[in-house]
Amino acid sequence: MFEKLNLDDDYSIVSDLSRMIEKDQVIDRSWVDSPFEWLMRAPSATKGAVGKRLTASWAEARGIRVNSGTGTDGDRIMNGAKVQIRMSTPWENGPYKFQQIRDLDFDYLFCLGVSPHSVHAWLFPIHLLKQHVIGKLGQHTGKGASETSWIELGPSYQPAWARDYGSSLDRVFDLLSEHGNPA
């Protein structure tokens, strides 16, 4: 292996090693030709901002009233309700993992799952998250963590309590239309 390396300088050594290692890697080609392929190269913060923009734009296109949120607690106001938005792409084991769920002042959590050739969504009222997620599914320090939580979801992977709250954008549209204003 080392006899094939260009040993002139460290950059050449490391770049040659990189090329050799690359040949052994399994490349995920599922995102090729996806309208979301570019998103896979974006930094995390950009993905979050794109998720908020995609969600708000989709809601507006479907006729849902959307306004800017009220700071960190509500990303957007949809049909009069404060809505936090989280986006995820599938993790290696399949489901989406929606992160940074906190006990803040919002009415609903909108989870947008983006796969190469499909999208999924869930809309959870805050009271349901407090029952099943917040303070129970800790993100950073295991199940005992309380500062931030996360939830794993997928079209065929949903806890029983989550099944009535989405998986399709059509279902989330119905929920937003029916329950948009919690007052």
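The charged end of Arg 62 sits over the ring of Phe 173, at 3.9 Å from the centre of that ring. This contact belongs to a predicted model, in which an open sheet of 5 strands, 7 aromatic pairs and 6 salt bridges can be described. The points below take the sheet, the rings and the charged pairs in turn.

**Sheet and packed helix**

- The strands of the open sheet follow the order β1-β2-β3-β5-β6, and their pairing is mixed.
- At the edges stand β1 (66–68) and β6 (118–125), each of which pairs on one side only, while the twist from one strand to the next averages 30 degrees.
- Strands β1 and β2 (residues 76–78) run antiparallel and are joined by 3 bridges, with Ser 68 standing opposite Arg 76 in β2.
- Helix α2 (residues 44–61) packs on the sheet, where the helix touches β1, β2, β3 (81–88) and β5 (108–115), and its direction makes about 125 degrees with that of β3.

**Aromatic cluster**

- Among the 7 aromatic pairs is that of Tyr 96 and Phe 98, whose ring centres lie 5.9 Å apart and whose planes stand at 40 degrees, so the pair is tilted.
- Phe 98 also pairs with Trp 122, with ring centres 6.0 Å apart; this pair is edge-to-face because the planes stand at 65 degrees, and the cut-off for that class is over 60.

**Salt bridges**

- Asp 75 forms a salt bridge with Arg 86, the closest N and O atoms being 3.6 Å apart, and the pair links the loop between β1 and β2 to strand β3.
- Both partners are buried, Asp 75 with a relative accessible area of 12% and Arg 86 with one of 15%.
- Lys 97 in strand β4 and Glu 152 in strand β7 (residues 149–153) are 55 residues apart, yet they form a salt bridge with closest N and O atoms 3.6 Å apart; Lys 97 counts as buried at 11% relative accessibility, whereas Glu 152 is partly exposed at 25%.
- The side chains of Lys 130 and Asp 103 meet in a salt bridge of 3.5 Å, N to O, which links helix α3 (residues 126–132) to the loop between β4 and β5.
- Lys 130 counts as partly exposed at 41% relative accessibility, and Asp 103 likewise at 47%.
- Salt bridges that share partners join Lys 52, Asp 75 and Arg 86 into one network.

Note on methods:
Residues numbered from 1 in each chain as written. Predicted model: local features only at pLDDT ≥ 70, side-chain atom pairs only at ≥ 80, totals over all residues. Heavy atoms only, no water. Pairing = 2+ DSSP bridges. Helix = DSSP H or I, 4+ residues; strand = E, 2+ residues; numbered from the N terminus. Axes fitted to C-alpha atoms, helices over the stretch in contact; angles between N-to-C directions. Contact = heavy atoms within 4.5 Å. Phe/Tyr/Trp six-rings, centres within 6.5 Å; stacked < 30°, edge-to-face > 60°. Lys NZ or Arg CZ within 6 Å of the ring centre and 35° of its normal. Salt bridge = Lys/Arg side-chain N within 4 Å of Asp/Glu carboxyl O. Buried < 20%, exposed > 50% of the residue type's maximum accessible area, 1.4 Å probe, protein only.
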